[in-house]
Amino acid sequence: GALVGERLRTEEDVLFLPTARLRGFDGLSPSETEVVLTMLLAPYLRIPLLLGYLGTSERVGALADERLQGVLDAAVFEPGPWRSSTSPAEIPKEIPAPTRAHLATPCGLLLGELCNAPHATVPAAASLLQSALERDTGRASAAPVGLILYAVRLGCRIMKFARALLSPEELGQGVKATLALGAGRPCLEAALEPLQKQLLASRRSLQRWA
């Protein structure tokens with residue numbers, strides 16, 4: 001709702017928004033803004049969906065807008081509702097569930113994604129960074145500096161989360177157990193390869209600007 005100045009609870013609320021409210025972002029058409037808002041209403045799917053959707057070469061330019069940067073950061077990095085790792089996951093008895101209690105995690109939504117479905121999230125972040133770097137003109141005075149620096153920062157932050165999972169000394173027992181029960185270390189390491197490649201490419205771009 002922060003994107004359009006109106007509280008949104010369901011997909012129907014998005015559908016009934018006036019078109020004028022959906023024209024606030026350069027690089028996104030009203031229909032694309034509508035898709036982004038709909039994705040934000042799906043808390044357990046929004047991380048890979050938003051990274052993949054906004055990370056295309058056609059749409060990545062919209063992330064030059066600091067408001068959209070803030071929304072994407074909130075969607076990716078806010079931990080969401082918490083539950084103890086010793087408590088069993090709550091299984092909803094009806095769909096749609098009356099509350100979001102079943103979405104609570106012991107270590108946050110992003111770590112949950114990296115633990116259980118890294119191939120959905122990490123390559124999407126790598127593609128977003130690649131799309132941003134493709135707009136580099138080779139000179140800081142002509143390149144979309146704000147966009148590229150944001151994409152680099154986003155990639156570095158996601159890499160830091162992943163590295164924490166791969167470093168047992170940095171984790172508590174609950175998070176280590178979550179990783180062991182999820183996709184596992186080899187799957188996460190393989191998913192990180194394209195992001196590492198793009199971060200190295202971004203380093204070369206930044207060095208050219210210096």
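Student: Before we get to the helix pairs, what makes a crossing left-handed or right-handed?

Tutor: A crossing is right-handed if the near helix is turned clockwise from the far one by less than a right angle, and left-handed if it is turned anticlockwise. Please note that this is a predicted model.

Student: Which hand does the crossing of helix 5 and helix 7 have?

Tutor: The crossing of helix 5 and helix 7 is right-handed.

Student: Turning to helix 2, which of its residues are buried?

Tutor: Within helix 2, residues 30–40, the buried ones are Glu-32, Thr-33, Val-36, Leu-37, Met-39 and Leu-40. Viewed down the helix axis they fall within an arc of 160°, so they line one face of helix 2.

Student: Why would residues three or four places apart point the same way?

Tutor: Because an α-helix has 3.6 residues a turn.

Student: And how do helix 2 and helix 3 run, roughly parallel or antiparallel?

Tutor: Their axes come within 9 Å and cross at roughly 160°. That makes helix 2 roughly antiparallel to helix 3, since angles over 145 degrees count as such. The crossing is left-handed.

Student: What meets what in that pair?

Tutor: Glu-32, Val-35, Val-36, Met-39 and Leu-40 of helix 2 meet Arg-46, Leu-49, Leu-50, Tyr-53 and Leu-54 of helix 3. This contact divides into eight nonpolar, no polar and two charged residues.

How values were computed. Residues numbered from 1 in each chain as written. Predicted model: local features only at pLDDT ≥ 70, side-chain atom pairs only at ≥ 80, totals over all residues. Heavy atoms only, no water. Buried < 20%, exposed > 50% of the residue type's maximum accessible area, 1.4 Å probe, protein only. Helix = DSSP H or I, 4+ residues; strand = E, 2+ residues; numbered from the N terminus. Arc of directions from axis to C-beta. Axes fitted to C-alpha atoms, helices over the stretch in contact; angles between N-to-C directions. Parallel < 35°, antiparallel > 145°, perpendicular 65-115°, else oblique. Contact = heavy atoms within 4.5 Å. Nonpolar A, V, L, I, M, F, W, Y, C, P; charged D, E, K, R; others polar.
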